[in-house]
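Please look over the notes below with the model open. They cover a cavity, a helix pair and confidence.

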Amino acid sequence: MTALAPSKNVQKQRKPNPKIDERQNVYWDLRGRYQEEYDKRLDALPQYGEGATKACEIFRAATKLYYDFWNNGMVNNTSGAVNFLVVAGVFHSQKDQDFAVIHPYTIGSRIYLNEMGLRSAMERMLDRTVAFLLANDELDTLPNDTNYLDFSQQSEVINLDRCTMRNIHFLRMNESVASTAEVAAAEVEATDAKLMKTHGAKAQDCIMKKKKKGKKKRVPMTKNLVNIIRPISKK
């Protein structure tokens with residue numbers, strides 16, 4: 001697909017994984033279920049403000065959620081977008097399973113920390129949005145008189161605090177991983193030393209026994225002491 005010229009509407013930007021072999025079956029990586037239709041509608045989004053048709057505004061709300069998820073980690077208040085998808089009919093009600101998963105993150109009552117459940121819900125949300133628009137093609141011609149932002153709720157946690165909480169979480173995760181790696185390395189080193197000490201003692205014991213038997217042949221102290229105790233079979 002030919003890259004788009006820079007747009008003032010960031011939702012129209014595409015940032016797939018540059019490593020093609022590592023791309024997933026998601027719209028962000030250009031491999032969504034309705035990718036062709038998604039791309040066409042994404043290109044048709046306005047530079048500013050609400051969509052000209054009802055279909056365009058519905059799609060604008062869905063891509064707002066999707067872009068904030070992939071690009072920002074759900075740190076912005078996108079409650080208006082997810083609430084509007086209920087009003088528009090993409091989600092059947094606020095009891096809809098995908099709505100119930102996504103909504104708490106839009107107002108900050110939950111902080112996104114790489115949960116796979118939210119990622120899956122986002123892909124289903126876009127699948128359902130595109131399928132809904134294809135099944136209701138009259139929405140492509142009906143003039144829009146609504147702005148999804150009018151359905152926004154107050155955030156429980158502001159975006160700056162959400163960013164801070166995410167950063168602290170991942171900083172602690174990295175520190176934990178580094179600490180675990182250090183402990184693991186120390187444990188491996190201690191185990192190796194114990195093995196060498198054990199095998200060394202057994203090797204020396206083997207040597208002494210052979211000396212007592214009057215054998216002239218000396219068992220060599222090799223670097224791979226374990227072979228003295230447990231010889232490697234020759235194929």
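**Notes on the predicted model**

1. The largest cavity has a volume of about 80 Å³. A cavity is a set of points, on a 1 Å grid over the protein atoms alone, where a 1.4 Å probe fits but cannot get out. Points are joined across faces, edges and corners, and the volume is the space filled by probe spheres set on them. The count comes to one cavity of 30 Å³ or more.

2. This is a predicted model: local features need pLDDT of at least 70, side-chain atom pairs count only at pLDDT 80 or more, and totals for chains, interfaces and linings use all residues. Residues are numbered from 1 along each chain as its sequence is written, and side-chain values use heavy atoms, without hydrogens and water.

3. What lines the largest cavity? There are 14 lining residues (an atom within 4 Å of a point). Gln13, Arg14, Tyr27, Trp28 and Tyr38 lie nearest the centre. Helix H1 (35–43) supplies four residues, the largest share. H2 also gives at least two. Helices are DSSP runs (H or I, at least four residues), numbered from the N terminus.

4. By class, the lining has seven nonpolar, four polar and three charged residues. Ala, Val, Leu, Ile, Met, Phe, Trp, Tyr, Cys and Pro count as nonpolar; Asp, Glu, Lys and Arg as charged; the others, Gly among them, as polar.

5. H2 (residues 54–72) packs on H3 (residues 79–88) at about 145°, with axes 8 Å apart. Axes are lines fitted to C-alpha atoms over the stretch in contact; angles run from 0 to 180 degrees between N-to-C directions. Contact (heavy atoms within 4.5 Å) joins H2 residues including Ile58 and Leu65 to H3 residues including Phe84 and Leu85. That contact has nine nonpolar, no polar and two charged residues.

6. The chain averages a pLDDT (the predictor's confidence in each residue, from 0 to 100) of 81. H3 scores highest, at 98; H7 (residues 226–229) is lowest, at a mean of 38.

How values were computed: 1 Å grid on protein atoms, 1.4 Å probe; cavity = no way out; pocket = protein on both sides within 12 Å on 5 of 7 lines; lining within 4 Å.
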